[in-house]
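Subject: Handing over a structure

Dear colleague,

I am passing this structure on to you, and below it you will find my notes on what came out of it. Please read them with the structure open beside you.

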Amino acid sequence: MTTDWPDPPKPTPEYLLIGALALAGFLIICIFLGFAAKKRSSSFELFLVGGRDIGPIITGLALCATWMSGWACLGLMGITYWFGWPGMWLAGVWTLLGLAPAALITGPKMRAYSAKFGAATVPDVIGIRFDSKLTQAMAAASMIILLMVYSVGQYTAGATAWYAITGYRWEICMLLSASVAFIYLAFGGYTGTQWTLALQGILLTIGCFALGIASLAFIGGPEALNAKLAAQAPELVGLVNPKLSGVPAAQFAADWIGVLATAIMFFTMAIGFPHNVARFLGMRKFTKRDFAIMMAVIAIGGSVPWANLIVGLAARAYFGPKLAGIPGMPTGLGRDAAAPLLAMVIGGVPLSTIYLVAVFAASLSTLAAMVMVMSGNVTRDILGLYMPNLSKKTLLAITRILIPIFALIPLYWAIVRPPPLLAYLMSGAAVGLGSIFFFVVAVSFYWRGATKYGAMACILYGMAMCALGGYYVYTINAWGWGYWQLATFIGCGALYFLVSLVTPKPPKERLDELFG
Amino acid sequence: MAEPSAWTALMAVVIGSLLLVLIGTWLRLRYWEE
């Protein structure tokens with residue numbers, strides 16, 4: 001093959017104008033929904049969980065919207081763009097493997113803790129389960145740290161999409177992306193949480209499926225896609241790419257140990273993500289019919305990554321490796337722009353505008369849910385626990401002050417040290433969140449033998465492994481990503497079970513109350 | 001041994017995932033707890 005690939009499309013004023021108008025319209029609707037809900041969220045509890053009256057369609061859509069982050073709607077295409085088919089294992093192919101158990105296993109228990117014990121946050125649930133303030137505070141603190149990392153990706157995703165359609169300098173794109181997020185948060189987009197999230201779930205599903213179908217048609221169908229990829233490099237159409245074995249951070253695409261680790265990561269992450277499982281705290285008492293409807297919604301929403309990974313492959317077939325070095329962008333981020341650039345080529349202004357709104361819907365929904373979780377964690381799970389004299393009104397006020405702070409810190413990070421490939425950053429945090437909270441939350445709902453010491457050991461080990469992974473996997477590229485994921489997951493599980501078995505259990509009456 | 005094509009692998013994951021949702025939902029409804 002020659003190196004004569006088509007240039008990325010040039011942005012024109014129409015893209016900017018229509019894109020900005022569409023984003024403004026989207027923001028106005030979100031803010032309107034926020035205001036409508038704000039009237040009802042006067043108390044601290046209502047602010048965090050709503051009226052516990054949310055139905056199955058909204059709960060299912062909100063779950064999908066918080067799961068489908070900027071990573072799922074943009075970074076995911078960056079992975080398959082760069083790694084070809086072997087990248088699909090990390091590119092959300094296992095999404096339903098995680099979302100389904102989250103709804104089937106964790107969801108009903110979350111709802112029960114919310115209704116029976118008044119739990120309003122995930123650490124709250126943990127505090128009640130283990131009857132331990134310290135465990136609750138530790139869970140809250142570790143969530144804040146890992147969610148902060150994950151939030152960085154939300155800004156980057158919006159900025160990358162904006163970059164593709166405007167061609168502005170990267171810093172300006174980041175500021176624009178951040179401004180949208182701030183307007184959204186400041187005008188109460190988060191107060192309409194479930195409703196706004198549901199709208200965003202619909203938008204991102206439509207946008208991503210539209211682009212997925214258009215991409216496959218554009219490239220000439222499944223066989224033509226593979227033929228074009230194989231002509232570039234045969235590794236692009238394999239299931240794993242052994243040539244990547246020299247790049248430990250890319251083990252997810254290099255061998256079957258890496259692939260196994262991706263499956264475990266996706267299985268644990270939806271169950272373990274506090275901003276995902278928090279969605280179940282606000283739901284009403286479900287009937288069987290409600291539950292079946294919610295599962296159908298999740299099956300549709302959870303299919304979005306399959307469309308997305310095709311988009312990344314189609315972008316590779318069309319642009320070749322050319323996007324890796326786009327001038328004006330931090331190294332590597334051009335790969336993440338694969339989807340918006342392909343949208344421009346295929347569908348011009350209309351398709352890329354639909355996709356742009358989808359990316360912002362995806363990243364804002366995740367960001368807002370995370371910022372809410374982080375601020376709620378600080379007030380309710382740390383301050384509220386150790387300073388019980390603070391009134392609920394004060395706690396609500398502090399939460400509102402913390403929201404912009406928790407939105408600012410990741411922004412600073414995203415500008416100062418943008419990740420080389422969005423997927424790396426996000427999968428790092430996902431490994432930690434999934435490995436820790438799969439045991440501390442999901443398993444603890446069903447295993448009476450779990451103790452607070454087991455939970456704390458699991459949290460400490462998981463956090464230590466995240467710190468080590470940040471250095472050995474992502475910084476000096478010494479540990480294989482898959483080995484690291486497996487060591488984190490297995491280690492968290494081993495400590496959780498072993499420490500629980502040798503430490504004193506909560507009183508029987510307490511357990512009967514929780515499990516009765 | 002010929003490696004299955006990437007499309008086949010993707011289809012296997014898609015069908016497997018949808019089956020998981022279907023069977024999981026069925027089991028949950030079968031053993032419904034009020």
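What percentage of the 34 residues in chain B do buried residues make up? Buried residues come to 12% of them, where a residue is buried if 20 or more other C-beta atoms, placed from the backbone, lie within 10 Å of its own. Chain B has one helix and zero strands, helices (H or I, at least four residues) and strands (E, at least two) being DSSP runs numbered from the N terminus.

Please keep in mind that this is a predicted model, in which local features need pLDDT of at least 70 and side-chain atom pairs count only at pLDDT 80 or more, while totals for chains, interfaces and linings use all residues. Residues are numbered from 1 along each chain as its sequence is written, and chains are lettered from A and ligands numbered from 1 in the order in which they are written.

Chain A has 22 helices and zero strands. Its radius of gyration, taken over C-alpha atoms, is 22 Å, close to the 24 Å that the globule rule (2.2 Å times the number of residues to the power 0.38) gives for 516 residues, so chain A is as compact as a globular protein of that length. Of those 516 residues, 60% count as buried.

Helix α17(A), residues 338-386, deserves a look: with 49 residues it has its end C-alpha atoms only 48 Å apart, short of the 72 Å that a straight helix would reach, the expected span being 1.5 Å times one less than the number of residues. α17(A) bends by about 135° at Gly347(A), with Pro350(A) following within four residues; the bend is the angle between axes fitted to the seven residues ending there and the seven starting there. Of the 49 residues of α17(A), 38 are buried.

As for the two chains together, 18 residues of chain A are in contact with 16 residues of chain B, contact meaning C-beta atoms, placed from the backbone, within 7 Å. On the side of chain A that touches chain B, the largest share, five residues, comes from α14(A).

With best wishes
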